[in-house]
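Me: Please take a close look at the sheet in this model, and then at the aromatic rings.

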Amino acid sequence: MIDDAHPLHAGIRLRPVRPSDAASCAEALTRSRAYMRPWEPLRPESFYTEEGQSRRVAALLAEREAGRVMPWVLSDAEDRVVGGFNLNALVLGAFRSAVLGYWVDVDLAGRGLATAAVRRICELARDELRLHRVEAGTVLDNTASQRVLAKCGFEEFGLARGYMHIDGEWRDHRLFHRLLHDGPVTGAES
């Protein structure tokens, strides 16, 4: 279920974000800041503080309540945040689509956690949200993220010039998507 925690492996689980996650989000993002810089927008210093993360988490939860975002975190055995995953721009009706974004703590990168989490999120998107499609974009040289998406069944479908302002400049992105099902849109889903 969407609101349940899902064990991935080695004491790491995927669970919905909570207001109490602000401090450990700030710690993980600060620790991972240099590592993620080539793939992230430039952020103000306040973004890396507990107060800044408290505002960000509150905004994510408000967007979730409005039905526009589904935010999760990866948490370790001590329930500290070690990654973040969102289905953004959630659209239902005939489109039934969302845009995936994610990050994993620098200390846990390369261990298969992003792949496991993206697979689980795609299952939840298909089975619980009844989404037809999930999209993701990466800067051209983010080969690690591109490998994650390929392992999870995403296909590259295009190149977007100047797609997003990343690390201080408008950066081209490779666009990927995964079709989750070809079933009809019925009744309450439309």
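Reply: The sheet is open and has 8 strands, ordered β1-β2-β3-β4-β5-β6-β8-β7 with mixed pairing. Strands here are DSSP runs of E of at least two residues, numbered from the N terminus, and two of them pair if DSSP finds at least two bridges between them. The edges are taken by β1 (6–9) and β7 (155–166); each has a single partner strand, so one side of each lacks a neighbour in the sheet. From one strand to the next the twist averages 25°, with axes fitted to C-alpha atoms and angles running from 0 to 180 degrees between N-to-C directions. Strands β2 (residues 12–16) and β3 (residues 70–75) run antiparallel and are joined by 4 bridges; R15 stands opposite V73 in β3.

This is a predicted model, in which local features need pLDDT of at least 70 and side-chain atom pairs pLDDT 80 or more, while totals for chains, interfaces and linings use all residues. Residues are numbered from 1 along each chain as its sequence is written, and side-chain values use heavy atoms, without hydrogens and water.

There are 3 aromatic pairs (ring centres within 6.5 Å; planes under 30 degrees apart are stacked, over 60 edge-to-face, the rest tilted). Y35 and W39 form an edge-to-face pair, with ring centres 5.6 Å apart and planes at 75°. F47 and Y48 are also edge-to-face, at 5.1 Å and 80°. F47 is buried at 14% relative accessibility, and Y48 is buried at 15% (buried is under 20% relative accessible area, exposed over 50%, partly exposed in between, with a 1.4 Å probe and protein chains only). The charged end of R33 sits over the ring of Y48, 4.0 Å from its centre (CZ of Arg or NZ of Lys within 6 Å of the ring centre and within 35 degrees of the ring normal).

Methods
Phe/Tyr/Trp six-rings, centres within 6.5 Å; stacked < 30°, edge-to-face > 60°.
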